[in-house]
Number of protein chains: 2
Amino acid sequence: MASASQTSSATAASTSASSSDLDLDSIYAFAVQLTKDAGQRLLDGAKARMAGGGVIDTLEKDSSVDLVTQADEDVEAFVKKEITARYPTHGFLGEESYSKGASRDYLVGGGPTWIVDPLDGTVNYTHLFAMYCVSIGFVVDGKPVIGVIYAPMLNQLFSACKGKGAFLNESIPLPLQQNPVVPPLPANAPSGCIFSCEWGKDRRDFAGGNLSRKVESFVTMATERQGKNGLGGMVHGVRSLGSAAMDLAYTAAGSFDIWWEGGCWEWDVAAGFAILEEAGGLVTTANPPESKVGDYSDVAVEDAHLGGRLYLAIRPAGASADGAETARQAQERVAREVWKRVASLDYTRPGV
Amino acid sequence: MASASQTSSATAASTSASSSDLDLDSIYAFAVQLTKDAGQRLLDGAKARMAGGGVIDTLEKDSSVDLVTQADEDVEAFVKKEITARYPTHGFLGEESYSKGASRDYLVGGGPTWIVDPLDGTVNYTHLFAMYCVSIGFVVDGKPVIGVIYAPMLNQLFSACKGKGAFLNESIPLPLQQNPVVPPLPANAPSGCIFSCEWGKDRRDFAGGNLSRKVESFVTMATERQGKNGLGGMVHGVRSLGSAAMDLAYTAAGSFDIWWEGGCWEWDVAAGFAILEEAGGLVTTANPPESKVGDYSDVAVEDAHLGGRLYLAIRPAGASADGAETARQAQERVAREVWKRVASLDYTRPGV
């Protein structure tokens, strides 16, 4: 087994620091290089398998579809070692370390903290499907300020630092579509939108279970407008990639318009949130507000809590052509339209 | 508008020719270069939009989720011109030409025929999501013998010629995983499998409709084993990319284990079938045989008909480690396991 640290606390950095006290430029440059190096290790493993390098070593975690590979553990150990050497006072929260810890409490404190998924999309990696990545986020005061997501088999690196823009491969601004302004969200959204969602690991078969509620929501989003009692969303397409980090990267890129998901952990989303928000996207909660069923027109659309496990992301948007609707107003409109069509998911956690 | 030809007949090549009469080597080299050139045109269009080159021009075809862009038409016109110049006696069937024709009859005759989708994944292309491609197949006696699929934004080119192997980027053999033999299919499949499927364009809301039957099938494939009256498939993952050609390419690569779909046309699948079959995969019909509901153990698994519109593909596989099951036997076993779990879809066409 790998020598991944058993330390699952991210509270080492107990001293609160605002991002203005930190040298974000050099932290960002370090994060980008570290993510590239980690991704190269994943790619080396994939190439070895392509060249006849043996069967991949997988272990099941909570279920037969929740896997960990030697690659997850080796890459997390590498990333943690590099971060600890360079920034010994910073906190560290990694998926594999956390999984081995006893506590499932919410672990991100106020201090500067690295949140790392060494391999998001593990099932894809074991099948050599290219939608896997390294995801490294840097959080201050509980807010993601730097994010880097690297899919080495696709040669796609998404990155952002607060106030410095979001980019694909360090040169192409996000969102990708700038013609010459970012396109507005469709007036009849969710129609015209690509809807990104995942089937997830909770496959239990009972009425009111997460699988049943997810599918009911997917179907309402996909059905023709006059269907489902007039709630049919007739989205342009439904996409499932098997990686929350890649879903968020593509939402930041504007390739996906809406991402709706429950059950993610902080390492799945921290880097993605930094990139999405810097690109101009919005992220709020997946579950419809309980206060006013079916009518959310005057419910505030609040920013998501990093540890909330329930997320709805809307892509960066331009204002309407006639100026009647700002980008933020359009994003909130689309979030409310999604809430009308989705069921509440049940992903509770201790400590929240 | 583009100057795409209105000719929708692929029967120009009325003289039957077996593939042994043709210079497949030079046809293959021509097909690879042509697909690269066509993909570059798509990529140029995408890059122009990234750089502020204006809003993409889309038209709706049969529904608000069935789009055609200027790029589809321009690229098809380019491809047709090149093919006609080089191989004037060969037939040509292209998506956009066909869509403009009056007939929906089955059009692939016995002669050498090119089957072209200039842009598979049009919705992805309009959203600048990288899962779009050019798909060019070459068919003799109704059988795909050459296939090339190129996703320019991912820099992934999948190609095969009958008897000459299937490759990613002309150098990496398919399937990707060769460790040192191709892995067998899981003994408890569909568990352990990545299941690729698409929501499609038929979004009508009625019991027994294609949307309802597809979703019912997806859910049975995804649910825990003890669920759905013991039919739960507990697949490793459910993936939806929005491009049948890319789905088939990834099935040929072994990245997806199972692809199940209804409603595709010949241009969506001709190239993919050539690549999948050359890589060692199997393709049969999506719909469970009507003869013996629930027990298909002695039903023959027949190769799919190119015009059938209903497809089930199983990835290339190795024989079982103990030699008790051949690759073909394992693929047929998995096909029968899928049939147990899916509903019959209704995609009829005139002429078939």
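**Figure 1. Seven strands form an open sheet in chain A.** The strand order is β3-β4-β5-β6-β7-β8-β9 (chain A), and the pairing is mixed. Strands β3 (91-94) and β9 (172-173) of chain A stand at the edges with a single partner strand each, so one side of each has no neighbour in the sheet. Strands pair here if DSSP finds at least two bridges between them. Helices (H or I, at least four residues) and strands (E, at least two) are DSSP runs, numbered from the N terminus. This is a predicted model: local features need pLDDT of at least 70, side-chain atom pairs count only at pLDDT 80 or more, and totals for chains, interfaces and linings use all residues. Residues are numbered from 1 along each chain as its sequence is written, chains are lettered from A and ligands numbered from 1 in the order in which they are written, and side-chain values use heavy atoms, without hydrogens and water.

**Figure 2. Strands β8 and β9 of chain A run antiparallel.** Strand β8 (residues 166-168) of chain A is joined to β9(A) by 2 bridges. F167(A) has P173(A), in β9(A), as its bridge partner.

**Figure 3. A helix lies across the sheet strands β4, β5, β6 and β7 of chain A.** The helix is α7 (residues 244-252) of chain A, and it runs at about 70 degrees to β7(A). Axes are lines fitted to C-alpha atoms, for helices over the stretch in contact; angles run from 0 to 180 degrees between N-to-C directions.

**Figure 4. W114(A) and W114(B) touch the most other members of the largest nonpolar core.** That core has 166 residues. A nonpolar core is a set of buried Ala, Val, Leu, Ile, Met, Phe, Trp, Tyr and Cys residues joined through side-chain atoms within 4.5 Å. Buried means under 20% relative accessible area, exposed over 50%, and partly exposed in between (1.4 Å probe, protein chains only). Leaving out residues up to four places away in sequence, W114(B) touches residues including F30(B), Y87(B), F92(B) and F138(B). Contact means heavy atoms within 4.5 Å. Apart from this core lies another, of 66 residues, with L211(A) and Y347(A) among them. In soluble globular proteins, nonpolar side chains tend to be buried together.

**Figure 5. R336(B) is a buried residue in chain B.** Its relative accessible area is 16%. R336(B) sits in helix α8 (residues 327-341) of chain B. Neighbours within four places in sequence aside, R336(B) contacts Y296(B), S297(B), V299(B), A300(B) and V301(B).

**Figure 6. Backbone details in the loops.** Most residues other than glycine have a negative phi, and most peptide bonds are trans. A cis peptide bond joins A189(A) and P190(A), with omega about 15 degrees. P190(A) lies in the loop between β9 and β10 (194-196) of chain A. In chain B, the bond from A189(B) to P190(B) is cis, with omega near 15 degrees. N169(B) is not a glycine, yet its phi is positive, about 50 degrees. N169(B) lies in the loop between β8 (166-168) and β9 of chain B, and is partly exposed, at 33% relative accessible area.

**Figure 7. A rotation of 180 degrees superposes chain B on chain A.** The shift along the axis is 0.0 Å and the RMSD is 0.0 Å. This is the relation of a two-fold axis. Copies are superposed by least squares on the C-alpha atoms of residues with pLDDT of at least 70 in both. Among the residues of chain B, S240(B) comes closest to the rotation axis, at 2.4 Å (C-alpha).
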